[in-house]
Amino acid sequence: MSTEYLQEVANADYKYGFVTEIESDKAAIGLDESTVRYISAKKNEPEWLLEWRLKALDYFLSLLEKNDKPEWAHLDIRDIDFQSISYYSAPKKKPELESLDEVDPQLIDTFNKLGIPLMEQKRLAGVAVDVVMDSVSVTTTFKKELNEKGIIFCSFGEAVQEHPELVRKYLGSVVPRTDNFYAALNSAVFSDGSFCYIPKGVRCPMELSTYFRINEAGTGQFERTLIIADEGSYVSYLEGCTAPMRDENQLHAAVVEIVAHEEAEVKYSTIQNWYPGSAEGKGGVYNFVTKRGICEGRRSKISWTQLETGSAITWKYPSVILKGDDSVGEFYSVAFTKGHQQADTGTKMIHIGKNTTSTVISKGISGGKSQNAYRGLVKINRGATGARNFSQCDSMLLGDRCGAHTFPYLEINNPTAQVEHEATTSKVGEDQIFYCQQRGISETDAIKLIVNGFCKEILAKLPMEFAVEARNLLAIELEGSVG
Amino acid sequence: MTRQKSLETTFIEAFDKDLGLLPSDDSDAWTSSQRQAIRTFADTGFPRPKSEAYKYTPVTRWIGDTPLLQTPGPVSATRLPLSELPGVHLKTVNGQLASAPEQLPEGLTVLTLRSALETHPELVRQHLKRVSEGTSSDVFGTLAAAFAPDGLFIHIAPGAVLPEPVYIHHAAVSPDAFIQPRMLVVAGENSEAHIVEHFPEADAGSVFENRIVGVDVAMRARLKHLVVYERGARARFVNGLYVEQKGESVFSTNNMTLGGALVRNNLHFVPDGEHCETHLNGLYIARGGAHVDNYTLVDHVKPNCFSNELFKGIVEGGSTGVFNGKVMVRQDAQKINAYQSSKSIVMDDRSHVYAKPELEIYADDVRCSHGATTGELDDEALFYLRSRGIPEKTARLILLEAFARDVVDLISLKEVRTYLNTRLGQLLAD
């Protein structure tokens, strides 16, 4: 009984598979200097940024030549031909709109299908949504209200034009262009993304959110997000993703950089639900993301919350560098894999300042033939007196053909540090299912209930409207085609 | 990179000069297995700098300055503190069997490995093959297998229950030599034994011991194993232990690393039968710039097994402690209970602790957990003791001893426990 149900869960179809037909403007296939120049010219970028991109390209190509890809992850990655990808795709019509009525109706339709009624969200939740469709920002709402507070929230391309001094100062300051293979690739060819600056002492009045979608067949998506929270400011940033069903593998290599100055707080939440590939393990998004924040100032705080349910391959380690004294880093994650999905995800907490604190809570759920690994580093530097870390990684197995793995790295170089790590792995308790069934709850609902309970403490960290969506998503993922 | 390559070449060339890399007509089973081992070694090579298993312990760095492959020089006599205890006492010199009592208890056989090839051909051949082909050994083990001139063979006959422990005193080594000992322990069905290995200080200088030990535990056998390593502050030790258990057997090992400049314990366990029990415990004290690495792998291939792991370390004086424990549960190895716990205390800011407790699980009906903690002594406990008039130094010592004794107390031999507690007291008081 239970196996059957779980099997069905694991074979559940991807509910968000559809393609929006919007005309798009594409770069020629392949990657060399001309690609980068093309992208940079398209976006009308200043000379310094072009040079920055070219340096990153040089580094990336040198790694590619040596075939120096990161191979330590518990992932089975088919060789990616980096020369057979088109590195830029922009919707041709670039409307600059004040109201949603002017937005391409098809786009609105897409979001409706995703269950994200933009209008409603705008009105009810008061969320400014910067919609990223493929690579270029299509519409930005609530801009005025943010402007009044001095908050800059716009597409990356716009920020380059309008706030070059900020972009130049912070771009690459957290994730340098030579940071790793995929970050170098992103630095060379990043198309667009979001930029956010919260001035001193401002508490951002609304949740900022962006919806990323990979839309055009055969294009990689190379987002670059930069969030700067100046002294004493606060922002909660949401990012959610779904992608249309595709047969070929789509490459996604994003970079997110966060800078939190003295007493600033940044809360970054993600729902990732890209196409995970077919039941036979064909297709799906390859998601190689570098996300990192730095707690630059004293008493600053960065918190990552993520719900990962999509992508054929996930390679993602949202990290916090705790540089300022008394700074705080948090990582809350739920990773759900099924079918042939592979996930190697976790975090890095680098303690540099004194009395820094980090908390890591990770829940992994694997079903089908998927592999789900937590990989996390907690590093206490020599000068990080009084550092404190607590990590907990729990895994739940929903089938006997999947894998759940934990690879924590604890590096302690200071005697006053207190580092604790614990991990457990188990299956959905038969006794728990039995208990529920006894009380007239169907097995399906019982499993949903148990999984939901398993993830509850993470989902509770998500902003309200996201939490609802996240719960729905988990339920849908579990439900699959089962009624 | 070049240095590493040349280091491997040094070994391969020395082998060629000594024994010849190519098969010859007159070669016996032993020499052929040595040749197979050097081939495996040549194919694998030493771990690369980014190798996950040797991430925090680039062993080759310590081999670099050892005069390699010289015939070991003379040895001096050593005091053997455990030699007075009741039991069977064996002695090795430079890793080779030097003395054994004439009268052994019934069921116990002690031989050199080469002569055991004659008496227990099947057991020994199988072991030689597995090590030389690298299936139950990593690259350091195959290296030892290529060069070990002979080895030690301990056999406990099926059904035999040894009344007293077997002590192996690795009594003497030539100072500063590079030696590669080898050992095979076979516990027959339903047998029961306790093996204690002691590596005393023994004027070892900067000796480098790279050893490979195979342990075969047959159905329903119960084998206990203890290693006490107390070589001097410059000694190096790569301790390869590869245990294979058959159904319903119980194996426990306890690794006390109290000395040495570099110690790498490679502890591999394959409970290859249902209802096996595996206990592995360890304590290490790294002082004066020492580097101690405990690498453990419990590879659950069969269902219904239990494994428990406890490692504790005290790291001080610019030393490094590493714990890399891995529990692997293969597909279809259901109903596994596997627990792992690693605790370490860092005493000063020049010391480092790296812990990597891993779980790799492919079966769903399992209970696995691991926990790792690192920190300094508990302030509250210290305060409690001091508030009762105990000076800080003594209070610290009490807490450290208590921390260490958790592992020592798991040893079932009272005399050995007493010895270790005294030694710990001395070491920690320093």
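Predicted model: local features only at pLDDT ≥ 70, side-chain atom pairs only at ≥ 80, totals over all residues.
Colleague: Which residue in β13(B) is the bridge partner of Phe237(B)?

Modeller: In β13(B) the partner is Val263(B), and Glu209(B) stands opposite Phe237(B), which lies in β11(B). Residues are numbered from 1 along each chain as written, with chains lettered from A and ligands numbered from 1 in written order.

Colleague: How many bridges join β11(B) to β13(B)?

Modeller: Ten bridges join β11(B) to β13(B), residues 262-271, and the two run parallel; ten also join β9(B), residues 208-217, to β11(B), again parallel. Strands here are DSSP runs of E of at least two residues, numbered from the N terminus, and two of them pair if DSSP finds at least two bridges between them.

Colleague: Which residues of β11(B) are buried on each side?

Modeller: Arg236(B), Val238(B), Gly240(B), Tyr242(B) and Glu244(B) are buried on one side, and Phe237(B), Asn239(B), Leu241(B), Val243(B) and Gln245(B) on the other, where buried means 20 or more other C-beta atoms, placed from the backbone, within 10 Å of the residue's own.

Colleague: Switching topic, what joins β23(A) to chain B?

Modeller: Three bridges join β23(A) to β20(B), residues 358-361, running antiparallel, and Thr406(A) has Leu359(B) as its bridge partner there.

Colleague: And how confident is chain A?

Modeller: Its mean pLDDT is 80, with 77% of residues at 70 or more, although pLDDT stays under 50 over residues 93-97 of chain A and over residues 215-219 of chain A.

Methods. pLDDT = per-residue confidence, 0-100. Contact = placed C-beta atoms within 7 Å. Buried ≥ 20, exposed ≤ 12 C-beta atoms within 10 Å, placed from the backbone. Helix = DSSP H or I, 4+ residues; strand = E, 2+ residues; numbered from the N terminus.
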